[in-house]
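The stops below can be taken in the order given.

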Amino acid sequence: MNERIRELADSAAKYSAVMAMKSDESANELFVEHLVRSVVQECVRRIEGCSINPTQYEFDRDRVFIEGYNKAIGKSASQVLLHFGINN
């Protein structure tokens, strides 16, 4: 397992232990929910990080392409959140 997954799982374990004491929800359910939310949000941040700054291109056709590309990146990120039912 990748180190980042371990870090997210550790964070989810701490979160679920604390939140289970404050509510009547199962610590296991809270753990799974928090871990999945964290992994999906991290994936979305990676997708969004693929956007390109259009101001660095001097030709309009390049700018138009980049703007379309960036819209597709944004749409992809939104669709991942929607697919997993996560509100950012």
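Begin with the whole chain, which is a predicted model with an average pLDDT of 91, and in which 98% of the residues score at least 70.

Next, select Asp-24, Glu-25, Glu-29 and Glu-33, which together form a negative surface patch. Within this group, Glu-29 lies in helix H2, and Glu-29 counts as exposed because its relative accessible area of 54% is over the 50% cut-off.

Now turn to the salt bridges, of which a search of the whole structure finds five. Select Arg-4 and Glu-7, whose side chains meet in one of them at 2.9 Å, N to O; the two residues are three apart in helix H1 (residues 3–22), so about one helical turn separates them. Both are partly exposed, Glu-7 at 38% relative accessibility and Arg-4 at 35%.

Move on to Glu-42 and Arg-45 in helix H2, again three residues apart, about one turn of the helix, with a salt bridge of 3.6 Å, N to O, between their side chains.

Finally, select Arg-61 and Asp-62, which form a salt bridge with their closest N and O atoms 3.3 Å apart. Arg-61 is exposed, with a relative accessible area of 62%, whereas Asp-62 is partly exposed at 22%. To close, select Arg-4, Glu-7, Glu-42 and Arg-45 together, as salt bridges that share partners join these four residues into one network.

How values were computed. Residues are numbered from 1 along each chain as its sequence is written. This is a predicted model: local features need pLDDT of at least 70, side-chain atom pairs count only at pLDDT 80 or more; totals for chains, interfaces and linings use all residues. Side-chain values use heavy atoms; hydrogens and water are left out. pLDDT is the predictor's confidence in each residue, from 0 to 100. Patches are made of residues with over 30% relative accessible area and no salt bridge: like charges are joined within 9 Å, nonpolar side chains (Val, Leu, Ile, Met, Phe, Trp, Tyr) within 5 Å. Accessible areas come from the Shrake-Rupley method with a 1.4 Å probe; for residues, only the protein chains shown count as cover. Lys and Arg count as positive and Asp and Glu as negative; His and the chain ends are not counted. The place of a charge is taken as NZ of Lys, CZ of Arg, CG of Asp or CD of Glu. Helices (H or I, at least four residues) and strands (E, at least two) are DSSP runs, numbered from the N terminus. Buried means under 20% relative accessible area, exposed over 50%, partly exposed in between (1.4 Å probe, protein chains only).
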